[in-house]
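Here's a quick briefing for anyone meeting this structure for the first time. Have a look at the model, then go through the points by topic.

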Amino acid sequence: MTNPKAALTWVAIMSLGLAHTAPASTAFVIVVGTTILSVVGHIAYAVAFSTKRVVRAYDRSRRWIDAGLGVFFTFAGIKLLAGQT
């Protein structure tokens with residue numbers, strides 16, 4: 001678990017969405033269901049973004065994508081350093 005915010009978000013969602021009177025099997029179904037959805041989603045991303053067409057498009061656009069993200073994170077970092085949120 002490298003992102004504790006994600007875990008805390010799930011805990012908050014489960015505490016709000018899962019009634020205290022719900023059987024334990026409901027929590028199990030939710031955990032298994034969300035795990036399956038996550039695995040299927042990541043497999044779909046992997047397959048979709050590994051196609052030759054997408055790889056070629058990314059290779060052509062990579063420099064611009066990296067530059068845009070670099071500019072964005074530079075300004076975000078400067079804003080954080082300046083104390084403005």
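Helix H1 is hardly covered: among its 14 residues, the count of buried ones is zero. Here, buried means under 20% relative accessible area, exposed means over 50%, and partly exposed is in between, using a 1.4 Å probe and protein chains only. Bear in mind that this is a predicted model, where local features need pLDDT of at least 70, side-chain atom pairs count only at pLDDT 80 or more, and totals for chains, interfaces and linings use all residues. Residues are numbered from 1 along each chain as its sequence is written, and side-chain values use heavy atoms, with hydrogens and water left out.

**Helices**
- The protein has three helices and zero strands, where helices (H or I, at least four residues) and strands (E, at least two) are DSSP runs numbered from the N terminus.
- Along the sequence, that reads as α-α-α.
- From its first C-alpha to its last, H1 reaches 20 Å, close to the 20 Å expected at 1.5 Å a residue; the expected span is 1.5 Å times one less than the number of residues.

**Confidence**
- The protein's mean pLDDT (the predictor's confidence in each residue, from 0 to 100) is 87, and 96% of its residues reach 70 or more.
- Confidence is lowest in helix H1 (residues 4-17), with a mean of 81, and highest in helix H3 (residues 52-82), at 93.

**Overall shape and surface**
- The protein has a radius of gyration of 20 Å, while a compact globule of 85 residues would come in near 12 Å. That radius is taken over C-alpha atoms, and the globule rule is 2.2 Å times the number of residues to the power 0.38.
- Along its principal axes, the C-alpha trace spans about 55 × 45 × 20 Å.
- Buried residues make up 0% of the protein's 85 residues.
- The accessible surface is about 7,700 Å², and 72% of that belongs to carbon and sulfur atoms. These areas come from the Shrake-Rupley method with a 1.4 Å probe, and for residues only the protein chains shown count as cover.

**Aromatic pairs**
- There are two aromatic pairs in the structure.
- Tyr45 and Phe49 make a tilted pair, at 6.3 Å centre to centre with 35 degrees between the planes. Rings of Phe, Tyr and Trp (its six-membered ring) pair if their centres lie within 6.5 Å; planes under 30 degrees apart count as stacked, over 60 as edge-to-face and the rest as tilted.
- Tyr45 is exposed, with a relative accessible area of 55%, and Phe49 is exposed at 56%.
- The ring centres of Phe72 and Phe73 are 5.1 Å apart and their planes sit at 75 degrees, so this pair is edge-to-face.
- Phe72 and Phe73 are both exposed.
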